[in-house]
Amino acid sequence: MATTAGDADSLGEVADGLVASRAGRIVFAGPVKAAPALEAAKVVDCAGRWITPGLVDCHTHLVYAGDRSHEFELRLAGTSYEEIARAGGGIAFTVGRTRAASDAELRAASLRRLDAMLAAGVTTVEIKSGYGLSLDAEIKQLRVARSLGELRRVNVRVSFLGAHTRPPECADADAYIDALCSEMLPVVAGQRLADAVDAFCESIGFTPAQTRRVFSAAAAHGLPVKLHADQLSNLGGGALAAEFGALSADHLEYADESSIAALARAGCVAVMLPGAFYFTRQTQRPPIDRLRAHGVPMAIATDCNPGTSPLTSPLLALNMAATLFRMTVCECLLGVTRHAARALGLADELGTLEVGKACDLAIWDIERPAELVCAIGANPLHARVWRGE
Ligand SMILES: [Zn+2]
């Protein structure tokens with residue numbers, strides 16, 4: 001059985017299905033009885049299991065050094081996030097550890113998280129920088145992220161998130177954005193270290209005006225943009241992302257009607273990150289009903305990061321999206337395949353089982369697709385196929 005995601009609102013389920021590939025590309029996907037005569041060098045009988053597109057985790061910060069579970073313990077004991085930050089914790093701790101780590105240390109730490117995702121059916125992962133916040137340290141993070149795609153059978157897309165937060169040694173956010181646009185971005189673009197540029201537009205991140213400057217600089221270098229938007233307050237981040245034709249606007253808990261309408265018009269994907277919502281015990285749910293009503297494609301990702309979403313299971317993210325955000329099973333599964341591919345600008349390449357696309361598959365020991373969303377902490381992956389193998 002296979003889910004081909006033949007149209008936007010259904011999984012395109014096929015009973016008794018067949019997926020055929022040549023040189024890593026799908027040459028047929030559909031019912032066995034409709035298949036043309038194919039000379040197959042190798043035939044694999046999946047014995048009634050379900051085949052889906054390989055999972056696409058379209059928003060992660062998985063390259064970092066240093067564990068922050070001690071902060072988790074402190075918070076459980078009643079210490080506030082502000083107190084932790086004042087004592088040098090929070091994102092500053094991760095920046096310090098990431099800057100101090102060698103390439104090899106950073107790679108080893110990141111591979112542990114990547115391997116957990118691959119074991120859960122991920123075949124494409126997006127990885128952001130943003131824990132370096134200096135030219136050298138950002139480049140180190142971007143290079144390590146790229147290298148993971150050479151060390152494992154996975155498609156890695158890299159986003160430059162220099163505009164994540166103000167570096168601890170820099171008191172002037174505008175001066176930092178100046179340096180980011182005039183010194184960091186040209187190197188990142190020139191050395192092709194990133195596939196997109198991301199920013200954190202928030203009261204604790206950067207203002208819409210600063211974000212606008214980063215996006216204009218990205219456009220000048222021909223790089224598409226993405227945005228952490230309206231997570232903790234409504235700064236009109238969704239509309240800003242739409243104005244720049246962003247691939248995606250991510251979080252969106254506080255996005256208003258006008259932002260959502262703008263996202264719909266721009267064809268921008270809304271990326272839901274229920275792991276961060278859960279872990280930080282937020283109460284403002286993203287406006288799923290309005291996103292749905294406007295037909296904004298919704299993706300779901302782990303947001304894997306040490307501070308607000310230490311999550312490496314895309315299936316657990318789906319369960320959270322269903323239970324916390326009331327997304328349907330179909331929305332959840334499209335959110336980690338078809339729409340997640342689109343959030344990375346890879347809609348023509350990945351995310352559905354269609355002729356011409358990369359033959360990246362996940363094969364599951366399940367009775368029905370809903371099992372992938374329903375089960376908490378289970379991993380029914382039978383096998384992962386990457387580029388036809
Ligand atoms: Zn994020």
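## Pockets and zinc site

The largest pocket holds about 1200 Å³ of space. Of the 35 residues lining this largest pocket, R68, Y81, I91, I204 and T308 are the closest to its centre. On a 1 Å grid over the protein atoms alone, a pocket is an open set of points where a 1.4 Å probe fits, with protein on both sides within 12 Å along at least five of seven lines, and lining residues have an atom within 4 Å of a point; a volume is the space filled by probe spheres set on the points.

This is a predicted model, in which local features need pLDDT of at least 70 and side-chain atom pairs count only at pLDDT 80 or more, while totals for chains, interfaces and linings use all residues. Residues are numbered from 1 along each chain as its sequence is written, and side-chain values use heavy atoms, without hydrogens and water.

| Largest | about 1200 Å³ | R68, Y81, I91, I204, T308 |

The zinc ion has as protein donors (N, O and S atoms within 2.8 Å of the metal, or 3.2 Å for Na, K and Ca) H59 (NE2), H61 (NE2), H228 (NE2) and D303 (OD), which lie 2.1 to 2.6 Å from it. Along the chain these donors follow the spacing H-x1-H-x166-H-x74-D. H59 counts as buried (under 20% relative accessible area, with a 1.4 Å probe and protein chains only) because its relative accessibility is 0%, and H61 is buried as well, with a relative accessible area of 3%.

Methods. Buried means under 20% relative accessible area, exposed over 50%, partly exposed in between (1.4 Å probe, protein chains only).
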